[in-house]
Amino acid sequence: MGRLPSAERRRQLVEAAIRVMTRDGVAKATTRSICAEAGVSLSVFHYCFDSKQALIEDVMHTITAHSVTPVAERLLPGRGLRESVGAALRTYWDHVRAHPAEHMLTYELTQYALRRPGFEQLAERQYEQYAAANRQLIDHLCRELDLVLLVPAETMVRYLTSVIDGLTLNYLVLGGGQEAAAVLDTLAEHVVGQVRPRAAGEERAADGSAVAG
């Protein structure tokens, strides 16, 4: 293969690693098998990554972005509250149904990281990325629709992350697309019920909650 910038090589290896891990599992994804999938030599891997841990960190970030980025792109101005929340949740769920094996891999990566000494922070960063996506949704709603939260922003973030994460795993185990869609509709209604219009003259904190006083 011709010479490519190191950033492009890294991206190539990460996407190859996702394919190998999705197909064979994380434990069987050796650097050699990943390089074979990418069509590069082991020397290219060691040039791009200091360790397998560094590769796995990039894999976890990239695979999470696969489902998170489309949601962010749906946060368009001019939509109502219920429509915005519903569109964001449906966009994420469309990705789950279209790429179940990829989402299964996210859970496997979490367990892999938690069980390997020194890798635990990778799982933490993975869930921080989920939380950041949900925080972006909340911030968008409060800013664009001039709303304030009835609960602390971090409570709402964790609530959204926990329900979506649990529903995804439940779907991967049991299936049931229609039942899952009904849960998402219920979640959307709960989110709508946890915000209200900002009153005239009322200040709003940076996290979207009302400022007392």
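Which residue forms a salt bridge with R198, and how far apart are the closest N and O atoms? The partner is D146, and the closest N and O atoms of the pair are 2.7 Å apart. The legends below describe a predicted model, in which local features need pLDDT of at least 70 and side-chain atom pairs count only at pLDDT 80 or more, whereas totals for chains, interfaces and linings use all residues. Residues are numbered from 1 along each chain as its sequence is written, and side-chain values use heavy atoms, with hydrogens and water left out.

**View A. The protein chain comprises 9 helices and 2 strands.** Helices (H or I, at least four residues) and strands (E, at least two) are DSSP runs, numbered from the N terminus. Along the sequence, these elements follow the pattern α-α-α-α-α-α-α-β-α-α-β. Taken along the principal axes, the box filled by the C-alpha atoms is roughly 65 × 35 × 35 Å. Of the 213 residues of the protein chain, 43% count as buried; here buried means under 20% relative accessible area, exposed means over 50%, and partly exposed lies in between, with a 1.4 Å probe and protein chains only.

**View B. R198 and D146 form a salt bridge.** A salt bridge is taken as a side-chain nitrogen of Lys or Arg within 4 Å of a carboxyl oxygen of Asp or Glu. R198 forms such a bridge with D146, and because R198 lies in the segment after β2 (195-197) and D146 in the loop between α7 and β1 (147-149), the pair ties together parts that are 52 residues apart in sequence. R198 is partly exposed at 31% relative accessibility, and D146 is partly exposed at 30%. The backbone at D146 also deserves a look: although D146 is not a glycine, its phi is positive, at about 55°. For context, most residues other than glycine have a negative phi.

**View C. R82 and D185 are joined by a side-chain salt bridge.** The N to O distance in this bridge is 3.8 Å. R82 belongs to helix α5 and D185 to helix α9 (residues 177-192), so the contact ties together parts that are 103 residues apart in sequence. Both residues fall in the partly exposed class, R82 with a relative accessibility of 30% and D185 with a relative accessible area of 42%.

**View D. E154 and R135 meet through their side chains in a salt bridge.** The N to O distance for this pair is 3.0 Å. Since E154 lies in helix α8 and R135 in helix α7, the pair ties together parts that are 19 residues apart in sequence. E154 is partly exposed, with a relative accessible area of 47%, and R135 is partly exposed as well, at 29% relative accessibility. By the distance rule used here, the count of salt bridges comes to 11.

**View E. The structure holds 1 cavity of 30 Å³ or more.** On a 1 Å grid over the protein atoms alone, a cavity is a set of points where a 1.4 Å probe fits but cannot get out, and lining residues have an atom within 4 Å of a point. Grid points are joined across faces, edges and corners, and the volume is the space filled by probe spheres set on the points. The largest cavity contains about 340 Å³ of space. Its lining consists of 22 residues, of which S67, V68, Y92, Y130 and I164 lie nearest the centre. Two or more lining residues come from each of the elements α4 (52-73), α5 (81-98), α6, α7 (120-145) and α8 (153-174). By class, the lining has 12 nonpolar, 8 polar and 2 charged residues, where Ala, Val, Leu, Ile, Met, Phe, Trp, Tyr, Cys and Pro count as nonpolar, Asp, Glu, Lys and Arg as charged, and the others, Gly among them, as polar.

**View F. L169, V173 and L174 form a nonpolar patch on the surface.** Such a patch is made of residues with over 30% relative accessible area and no salt bridge, the nonpolar side chains (Val, Leu, Ile, Met, Phe, Trp, Tyr) being joined within 5 Å. Together the three residues have about 310 Å² of accessible area, computed by the Shrake-Rupley method with a 1.4 Å probe, only the protein chains shown counting as cover for residues. V173 is placed in helix α8 and counts as exposed, at 61% relative accessibility.

**View G. M104 is placed in helix α6 (residues 100-115).** With a relative accessible area of 48%, M104 is partly exposed. The C-alpha atoms of M104 and T168 are separated by 8.9 Å, although the two residues are 64 residues apart along the chain.

Terms used:
On a 1 Å grid over the protein atoms alone, a cavity is a set of points where a 1.4 Å probe fits but cannot get out, and a pocket is an open set with protein on both sides within 12 Å along at least five of seven lines; lining residues have an atom within 4 Å of a point. Patches are made of residues with over 30% relative accessible area and no salt bridge: like charges are joined within 9 Å, nonpolar side chains (Val, Leu, Ile, Met, Phe, Trp, Tyr) within 5 Å.
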